[in-house]
Amino acid sequence: MSLLLDYVKKQLSADVNHPKFKAGDTVTVHYKIKEGDKERVQRFQGIVIQRKNEPATASFTVRKISNGIGVERIFPLSSPFIDKIEVNKVGVVRRAKLYYLRSRTGKAARIREKVQ
């Protein structure tokens, strides 16, 4: 139990300076991938369909369409493998979880963009 508490405290005190984003935003996540002894950065760009904001285990799910197939990836917010997160577009949505996008394709899957 003590190890778990130490882990939670470490995660809470981790100084991560990611930009603020929410469901509906289009983001690019730069994720470090280690293959053998080499390390490279892979970009994953898509729409944030959910955020889970428990303090120590916060995560977010990004969805994109790749070759006509929907691909979702879950990223822990405090992961040391996330190099940086860029917010490309700020979307206007009225839901916290955008699971309805899974059944939509093409123009029906678009999200209105916030006009600055």
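**Pocket and sheet: group meeting talk**

The largest pocket here has a volume of about 440 Å³. By pocket I mean an open set of points on a 1 Å grid over the protein atoms alone, where a 1.4 Å probe fits, with protein on both sides within 12 Å along at least five of seven lines; lining residues have an atom within 4 Å of a point. Points are joined across faces, edges and corners, and the volume is the space filled by probe spheres set on them.

This is a predicted model, in which local features need pLDDT of at least 70, side-chain atom pairs count only at pLDDT 80 or more, and totals for chains, interfaces and linings use all residues. Residues are numbered from 1 along each chain as its sequence is written, and side-chain values use heavy atoms, without hydrogens or water.

What lines the pocket? There are 23 lining residues, and Ile47, Arg63, Ile65, Ala109 and Arg110 lie nearest the centre. Strand 2 (38–52) and strand 3 (59–66) are the elements giving two or more residues to this lining. Strands are DSSP runs (E, at least two residues), numbered from the N terminus.

Five strands form an open sheet in the order 4-3-2-1-5, with antiparallel pairing; pairing takes at least two DSSP bridges between two strands. At the edges are strand 4 (69–76) and strand 5 (82–89).

Strand 2 pairs with strand 3 over five bridges, and arginine 51 stands opposite phenylalanine 60. Six residues separate these two strands in their hairpin. Strand 3 is joined to strand 4 by eight bridges. Arginine 63, already mentioned at the pocket, stands opposite glutamate 72 in strand 4.

Technical notes:
Helix = DSSP H or I, 4+ residues; strand = E, 2+ residues; numbered from the N terminus.
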